[in-house]
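Dear colleague,

Please find the structure below, together with its sequence. My notes on what was found in it follow directly after.

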Amino acid sequence: MAPDAAVVVPAHVHTLIVGAGFAGLGIAARILREHSQADVLIIERGNDVGGTWRDNTYPGCACDVPTSLYSFSFAPSAEWTHTFARQAEIYRYLRQVAIDTGVIDKVVTECELREARWDDSRALWEVSTSRGQLTADVLIIATGALSTPSLPDIPGLEMFGGTAFHSARWNHDHDLRGERVAVVGTGASAVQFVPEIAPLAKHLTVFQRTPAWVIPRLDRELFGFERYLYRRIPWVQKAVRGSVYSLREALGGVLQHATELLPVFEVVAKTHLLRQVRDRELRRKLTPDFTIGCKRILLSNDWFRTLDRRDVSLVDAGLVGVTPDGVVDAAGNEHKVDTIIFATGFMPTEPPVAHALRGTSGRTLAEHWNGSPSAYKGTTVAGFPNLFLMYGPNTNLGHSSIIYMLESQSAYIADALKMMRHSEIASFEIAEEAQHRYNERIQSALETTVWNKGGCSSWYLDSTGRNSVQWPTFTWKFRTQMQRFDEENYISHRKTPSFS
Ligand code: NAP
């Protein structure tokens with residue numbers, strides 16, 4: 001069952017959610033659980049629910065967070081086949097959750113947000129979409145941080161005569177067999193698909209700008225009796241989830257508060273490299289010069305082994321140009337290739353949706369942020385009333401499951417909606433001073449973390465060098481602060497007859 005493409009966009013909705021991935025489905029399910037009659041609609045630019053797990057279909061695509069934690073707490077599943085779930089089953093899971101929770105009936109697909117403008121006189125968002133106009137009392141942005149692929153601006157790319165695509169928009173119609181293939185980037189996506197495509201290609205050239213720390217992925221198939229236990233005695237699965245959560249929090253503690261212990265992990269990564277790569281020079285190229293954890297630690301059992309193949313080369317000079325039939329590395333060497341695959345990541349600190357939202361001043365959120373996003377509790381922004389951001393600034397993690405953070409945000413937002421209902425609130429906006437104080441605390445806590453002092457440049461740091469992406473401490477602290485909507489820190493306006 002897919003969302004009904006014929007669902008029409010109404011003239012008005014109370015709560016409009018943009019995006020039907022983990023974030024959008026999760027918050028919609030929470031709202032409907034608490035208030036089954038809630039007037040809620042999700043608009044989704046794709047043709048189905050699933051977000052990044054619908055779009056990323058590259059070979060080998062899987063989650064690098066254990067599935068026992070990377071799933072909704074309210075929708076456990078005993079059907080996972082591996083400890084680290086594969087893309088297709090996560091996508092299937094999300095579709096099933098959408099059906100089971102009834103959220104599927106609230107989704108309008110192939111409907112892209114074009115602009116949302118706050119109208120102060122009516123206390124409403126005026127929303128323009130690719131399928132018409134509507135107004136909404138509350139707008140929830142759940143477009144994900146990793147939804148818009150980042151393509152590097154490389155001179156000559158438009159003249160390339162071969163095939164080029166981004167890993168998040170995999171071209172399944174294109175056969176890589178017998179081809180000379182260039183892969184640009186060595187991040188979390190590349191380490192998953194390069195081992196899958198290397199045996200197909202005639203020659204694979206991987207362009208690395210910065211080597212990553214890679215440790216083994218402790219993945220295995222789930223036994224039938226485990227799945228049986230999960231089905232029959234649900235608390236067993238809960239206990240597993242709890243223990244994975246605790247272990248991950250301990251790792252978070254090291255990344256955030258005890259960076260002096262990180263060399264232990266470097267020993268694990270270096271041993272992994274030594275065991276899989278025979279060539280000393282290749283090992284040198286693959287050894288990072290920054291503290292482990294500063295960039296996301298990658299998990300792979302076959303990345304290094306693949307780079308050690310005779311038909312795979314690693315160029316550690318980056319890419320500076322494209323010719324009609326090849327690519328040019330930073331050392332000036334040209335490599336003839338048939339296909340270029342960009343595994344160059346996403347745009348989390350420059351989300352395109354920020355250009356579409358206009359607050360009380362008429363300026364867009366992107367103009368307001370000016371290259372350095374910030375929000376109150378990663379969720380609300382001064383000057384943008386009745387707006388919630390799922391997976392907003394400083395809510396990303398380097399050690400645990402983003403689903404935990406999204407569920408924490410969902411609790412906060414659901415409480416705010418309850419408050420609006422019960423207290424007849426027309427609009428609320430976080431006080432600028434409260435947002436400022438909050439961010440001072442976050443930035444100060446980030447100073448001692450490996451992400452800020454680990455000696456690397458990463459997408460956690462925005463164009464101004466500020467860390468506007470990471471949550472600085474234990475995730476349970478985030479949950480604690482999101483338990484209740486703290487109305488006292490907001491400027492709110494009650495409904496007047498003209499609003500109703
Ligand atoms: P990424 O981690 O941001 O890696 C992008 C890679 O492209 C990096 O190696 C980067 O080099 C390189 N790059 C970027 N611009 C370049 C340029 N102009 N020239 C040459 N190289 C360039 O992207 P990703 O691998 O797609 O992963 C993004 C995020 O998605 C991950 O951090 C992770 O959070 C998520 N992800 C999660 C999973 C999962 O299982 N849960 C799987 C895949 C991805 P530098 O390092 O030098 O910048």
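Leu319 has Asp329 of β14 as its bridge partner. Strands β13 and β14, the latter spanning residues 326-329, are joined by four bridges in the antiparallel sense. They belong to an open, antiparallel sheet of three strands in the order β13-β14-β15. At its edges lie β13 (319-323) and β15 (334-336), each of which pairs on one side only. On average, neighbouring strands of this sheet are turned by 25° against each other, direction ignored. Here, strands (E, at least two residues) and helices (H or I, at least four residues) are DSSP runs numbered from the N terminus, and two strands pair if DSSP finds at least two bridges between them. Axes are lines fitted to C-alpha atoms, for helices over the stretch in contact, and angles run from 0 to 180 degrees between N-to-C directions.

This is a predicted model, in which local features need pLDDT of at least 70 and side-chain atom pairs count only at pLDDT 80 or more, while totals for chains, interfaces and linings use all residues. Residues are numbered from 1 along each chain as its sequence is written, and side-chain values use heavy atoms, with hydrogens and water left out.

A search of the whole structure gives one disulfide, defined as a pair of cysteine sulfur atoms within 2.5 Å. The sulfur atoms of Cys294 and Cys456 are 2.0 Å apart, and the link is left-handed, with -85° about the S-S bond. This pair connects distant parts of the chain, 162 residues apart: Cys294 sits in the loop between α8 (280-285) and β11 (298-299), and Cys456 in the loop between α13 (450-453) and α14 (475-481). Cys294 is buried at 0% relative accessible area, and Cys456 is also buried, at 14%; buried means under 20%, exposed over 50% and partly exposed in between (1.4 Å probe, protein chains only).

Finally, helix α7 (residues 263-276) has buried residues Glu266, Ala269, His272, Leu273 and Gln276. They lie on the same side of α7, because they cover an arc of only 120° around the axis, taken from the directions from the helix axis to the C-beta atoms. Val264, Val267, Leu274 and Arg275 are exposed on the other side. The cover over the buried residues includes β10 (214-215), α8 and α9 (303-307), with contact meaning heavy atoms within 4.5 Å.

Yours sincerely
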